[in-house]
Amino acid sequence: MRAASQAVSLALFTLLFALANYRLPDWLPADIYLRLDPLLGLSAMVAGRVWVPRVVWGLALLVATVLIGRFFCSHICPLGAVLDFLDPVLFRRVKRRTLDSDRRLRNIKYVLLILCIAAALAGSSLVYLLDPISLLTRTYTLALFPPFVGAVNLALDGVRPVAAALRWMSVATLSYAQPVFYTSLATFLIFAGLIALGRLAPRFWCRYLCPLGALLSLVSPLGRLRREVGTECPACGACQEACPMGAATDEGGTRVAECIQCRTCVAACPEDLITFPTSPRMLPTGTSAHPDLSRRGFLYSIASGVGVGFAVQQSPFTPLQNKQQLIRPPGALPESEFLTTCIRCGECMKSCLTNTLQPTLWESGLAGLWTPKLDLRLAACEQECNVCGKVCPTQAIRSLDLEEKTHAKLGTAVLKKEMCLVWAQDKLCLICDEICPYDAIVFRTIDGYRRPFVVASRCNGCGYCEQRCPVEGDSAIVVAPIGQIRLRTGSYVVEAKKLQLDFKPNPGDDQFILKSEGLRAQPDTEESAGPRAQSQAAPSATRKPKGFLP
Amino acid sequence: MPKAREGVSRRDFLKTASTGLAVGLAGRSRGASAAPSHDLVVISGDPAAAAHRAVDALGGMSRFVQKGDRVVLKPNMSFASGPDRASNTHPAVVHAVARMCLEAGAEQVMVVDNPLQSAELCLRRAGVAEACKGLKNTYVQMFTDQKFYREVKIPKGKVLDRVEVLKEALDSQVLICLPQAKSHSNTGISMGIKGLMGLIWDRWSFHSKYNINEALADLATVLRPKLTILDATRALTTGGPGGPGEVVKPNLVIAGTDPVAVDAFGVGVAPWYGQQFKGRQVEHLLAASQRGLGKIDVDGLNILKATA
């Protein structure tokens, strides 16, 4: 029953993950698991000092936990399900005795919870490192999704010859775009390490480390469903042995906060003495409902959390926040709010149509680790797609309609003349112009050749030019965050209009090619004897559009 | 009275057989030799009807497609925009031609391109996939992985000596180009010959490494469409190849077996960047004709002009 619930929940989590792509319908909250996580919402709102309506869902889980107990950990949490399913596979033969330091280890999760919240109070987000839903989503995105697609393609390559011979062309021509991400390996190792901890104790992560479990355990003792052991209990220890959380104590007692209502003990009890009655009662004797964190430990945790949260900000990365070459997703909040609100779940990167969204490494310090950025040399931001905001559970990337998203200017393309094939080598290249959705690249005749220029007011930083620039190595046209529009609230369209930006495609722009006699090359002066002398050979081409002969 | 015999009389048999033989022979001779009466056909009308009429006027699709052939259609569909923008071939033209190929007995029709924008979006916005949905054995597919391409030598190449070409295009029996008539800020116009770039893997080197006009002519020496049907129902006269730009409506479909002649005629049907040009003035067409790939001067050609 419980395994079925876990399997369904994990399947649903995986399905929603798969559905998080640019075709996601507006009504489907693909990020629902992340929204349900009260810790993520709480931390994002506290750290970012913003109100995020979407995370109100987290209240539902808190209320449910108050009413029923920590059923989330045993029945719903997808990470718990992964750990439970892998446990018999990996550690069946392992004899695990209760760790000597069990009691102290249990406190770690409370320390971590307090650290996260205290750091959030100090204005830094740390919760992303440890929150189970964020961690699992991130692992899915960065570490599991790419090899999965790779394996599917490999299998397709295997059947391709057969399919082609049988003329199953839909199969023979099928191949999925391979997603790629930075930090895949590191993310995987963290996940693998967390599973490996199960070697020491079942659900090691849940018992000792999970800050979400810690948060839920603070309210779960208020729940109605509580484990009760009959008075005839002979203290045989079978339930203690069986309990994956170590919640059963000697003499039939229960650590209520630790109990996740998995009811493994019910099945384990040889005397059938264990029940989970629904009537609310006083806590029986022998139960402990509170984490036995000492007052000193509590205060230390708060102090360290605030300290860490504060210290993280005292680095050159803070004043440099808007001076880095980082291109953030369209609709990303202003940088400082963005960094504190983003929970690094990687859902935006997973759903990104072009794979341009990549995890940030150390470009903006610890505060920016794993936040999404655009790698425009790798891929551009597709103008007809707005999925990254749609799936962002904390709205660090605002959910925008396509019109708004188009106006959420990411930056401005900057042409590096010394690298541009046309400027530096007089080659016939127009790719940036060809691919630009907004005609933000125009050609003017300079030195007898038509040369590209960027019209900044028409460039919204989508990056097609940077991606497609055929120069080897770095692109000769690079989107810099110049002029990026980052709004906490309000309309990007209105803001763009205010700034006199126009991202409407402008037909007929190339008319200047013929009508612009006045834009023809200036008569060269002293330069003409220099390296430009060669290009003088082709001035006749200037009166015809490129590609035509006189 | 003897009962009427069941089955086929000798006379009937002979009649049927000879008719069949005659049809077969006629069909063959038409396909094999017998220069078609028209070098080019220029049909005005709505996209589907004009495409139909154009192919009929050239002798019907069976002249190009034999029973059991695998056909590759190469329209322009590498921009995520609809027919109004005139950067992609009209879906109705693609559909009409695909259907004619099937009717002529094609075993498979593969509609292909190597897109400039997200393949998924191009497939959806260009409307070709939608239009061809109901057709049997017809696949509309973007090939965005190198494994679908194979290197071939270009023995007559001036600037290109090898190029990676879509395997499907190499292995199929028939290649039909269905270009959209549009301006191109680098090659002047983009029609059939320029459209061949959608069949190769590394299209970027044409811009960065080679003289694109010469490279296109080189490419055209190895990719020889049996038929080119130019969609000039709309023409993007500025802002090409992707648009947006000025769209005029010549309402023409131009078809022929000579890829240079089709393009050369297409150059004349609309003003490009506000000026009238002749085929000879388009550098890559001139280069292609100099390679012996077709006639660039269309004035002397036998051209059928009709209305669909």
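Reply: That would be contact: two residues are in contact if their C-beta atoms, placed from the backbone, lie within 7 Å. This is a predicted model, with local features needing pLDDT of at least 70 and side-chain atom pairs pLDDT 80 or more, while totals for chains, interfaces and linings use all residues. Residues count from 1 along each chain as its sequence is written, and chains are lettered from A and ligands numbered from 1 in the order written.

Me: Why are α3(A) and α4(A) called oblique?

Reply: Their axes cross at roughly 130 degrees and come within 8 Å. Angles under 35 count as roughly parallel, over 145 as roughly antiparallel, 65 to 115 as roughly perpendicular and the rest as oblique, so α3(A) and α4(A) are oblique. Axes are fitted to C-alpha atoms over the stretch in contact, with N-to-C angles from 0 to 180 degrees.

Me: Which residues in α3(A) and α4(A) meet?

Reply: From α3(A) you have A:Pro38, A:Gly41 and A:Leu42. They meet A:Gly58, A:Leu59, A:Leu61 and A:Leu62 in α4(A).

Me: How do you know what to call α1(A) and α6(A)?

Reply: Helix α1 (residues 2–19) and helix α6 (residues 78–91) of chain A have axes that cross at roughly 120 degrees and come within 9 Å. That makes α1(A) and α6(A) oblique too, by the rule above. In α1(A), A:Gln6, A:Ser9, A:Leu10 and A:Phe13 meet A:Pro78, A:Ala81, A:Val82 and A:Asp84 in α6(A).

Me: Over in chain B, why is strand β10 (residues 227–236) said to be largely enclosed?

Reply: Ten of the ten residues of β10(B) are buried, so the rest of the structure largely encloses this strand.

Me: What makes β10(B) and strand β12 (residues 252–256) of chain B a pair?

Reply: Five bridges join β10(B) to β12(B), and the two run antiparallel; DSSP has to find at least two bridges for a pair, so they qualify. One residue pair to look at is B:Asp231 opposite B:Val253 in β12(B). Strand β11 (residues 247–248) of chain B is also antiparallel to β10(B), over two bridges, and there B:Ala235 has B:Val248 as its partner.

Me: Which strands run parallel to β10(B)?

Reply: Strand β7 (residues 174–178) of chain B does, over two bridges, with B:Cys177 partnered by B:Thr228 of β10(B). Strand β8 (residues 180–184) of chain B pairs with β10(B) in the parallel sense as well, again over two bridges. There, B:Gln180 stands opposite B:Asp231.

Me: How many residues does each chain put into the contact between A and B?

Reply: Chain A gives 35 residues and chain B gives 38. On the chain A side, α9 (169–172), α21 (431–435) and α24 (512–515) each supply at least two, and α21(A) has the largest share, four residues.

Technical notes:
A residue is buried if 20 or more other C-beta atoms lie within 10 Å of its own, exposed if 12 or fewer, and partly exposed in between; C-beta atoms are placed from the backbone.
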